[in-house]
Amino acid sequence: MIEDLRWWNVPAIVVPAALCAPAYAMQYLTVEQAQQLLFPQAERFVAAPVQLDREQVARVEGYSGVRLRVQSQPAWRVQLGEATVGWFFVDEVYGKHEFITYAVGIDTAGRVTGVEILDYRETHGGEVRNAAWRAQFIGAGVGDELALGGAIGNISGATLSCKHITEGVRRLLAIHAEAVAARSVE
Amino acid sequence: MTLLRRARPLLGTLVEVAVDAGPDGAAAMHAISEAFALIEHLHARMGFHCPHSDVSRINRARPGAIVPVGADTWEVLSAATSFSAASQGLFDVTIAPLMERAGFLPSEADAPPAAVGWQGLELLDGQRLRLQRAVRVDLGGIAKGYAVDRAVALLQAVGMRAGHVNAGGDLRVFGHRPDAVQVRHPQAPTRTLSLPLDLPAAATSAGYFQQRAWAGTTVLPIVDPRRSAPCAASRSVTVFARDCMTADALTKIVYVAPQQSGPILARFGARALVMEQGDGEALCGTHEDRHRV
């Protein structure tokens, strides 16, 4: 045997709590940067938040199979000259430990042109559902006190499911079909 | 050094690509976009769920059939074969039927029975495979690491001096070496343990976010081919290696059989760290030096 796995047979080291860094946060892109990346050809992004009525909420939930927490959705109409070339949405999803803000581009045919993560936050637990806890991150930037120290805040083992984002994109496609695509036909 | 970082949901996880912004931020942004496009391409080639992927074509093929595959799939399957041979089958890409049975992969009602066993795939010249028997392949245990390596190679080829790619815990750095990498605490996944990063790639396999109940226990999507069953989600394994595909594949071997993995790790120039869930405390050590942490 080349290697003797001694550690396996002796009492292994107990991880001291002090070695454990707290939660993790990262701002990847601003809304403007994500707009440029998802629609590089665009000339203007016109804020046009989508407001759904109760019936529309029910239909969106029906199409997407995802529950809506709010009836309004931040959205921008993407303009190239007089033409609308797509829609840009900003959305957030949260799980037990993570809180993710992301942007989705949808073209005029109702297809996703891209998804970019804007912010990623992690916490120990319940705080994420608390509005005050979430509010503290508004305007937080790279290198703030929430980021891990060191040259690079890599987390190995961050195999967080992107299930929530997949559901979120499905919900946005349904909102687009219900409120945006329908509106532009009028 | 200012790192430009972006993340996208890809490969069933969040993939982060970061490069040293350098003097030309636009070029750096473009390089990151190209890296994401390459990862998407590799996913379409090797994804279990993608109906036109090489993997789906292999899984639909009849016994005896010869299946041509893309150069990248070929490279992954060749590497998989060497990991299987080195571990006497502890690493095996033909475990898809077991993953289906445990609920980690969807199973199609009309799917023909398939045998588990890496020798069922025979690699032929000209990027072709011969199926010795019906097999169903899942490259989930190795392709993520390969995609990370390829993305890093692309970033370097287009002139990026430094950066990293992290696909949900499959990590590779280039051009600079951060001192430490954070690995999640097995019992409190939002807490992390800082480990020295003395090789350019690392991969972690642990249950935290992927575990599920199965046959009265909590399991994760790593199958022990000797028992034809998924492993209990009790430990966290991190492997450090020279490239990410090696790190990715070796985590599976160490997870399944930590006591037997020492020689295999040594052969591939890799190191491992295991954290085991004890009675209310987390235990950890490396295969070569238990004082390392």
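Rings of Phe, Tyr and Trp (its six-membered ring) are taken as a pair if their centres lie within 6.5 Å, and such a pair counts as stacked with planes under 30 degrees apart, as edge-to-face over 60 and as tilted for the rest. On that basis A:Phe39, A:Phe45, A:Trp76 and A:Phe88 make up one aromatic cluster.

This is a predicted model, in which local features need pLDDT of at least 70, side-chain atom pairs count only at pLDDT 80 or more, and totals for chains, interfaces and linings use all residues. Residues are numbered from 1 along each chain as its sequence is written, chains are lettered from A and ligands numbered from 1 in the order in which they are written, and side-chain values use heavy atoms, with hydrogens and water left out.

| Pair | Centre to centre | Angle between planes | Class |
|---|---|---|---|
| A:Trp76 and A:Phe88 | 5.6 Å | 70° | edge-to-face |
| B:Phe83 and B:Phe91 | 6.0 Å | 70° | edge-to-face |

The chain A pair links distant parts of the chain, twelve residues apart, with A:Trp76 in strand β7 (residues 75-80) and A:Phe88 in strand β8 (residues 83-94); strands (E, at least two residues) and helices (H or I, at least four) are DSSP runs numbered from the N terminus. A:Phe88 has 0% relative accessibility and therefore counts as buried, where buried means under 20% relative accessible area, exposed over 50% and partly exposed in between (1.4 Å probe, protein chains only). In chain B, both B:Phe83 and B:Phe91 are buried.

A:Glu61, in helix α3 (residues 54-64) of chain A, counts as partly exposed because its relative accessibility is 25%.
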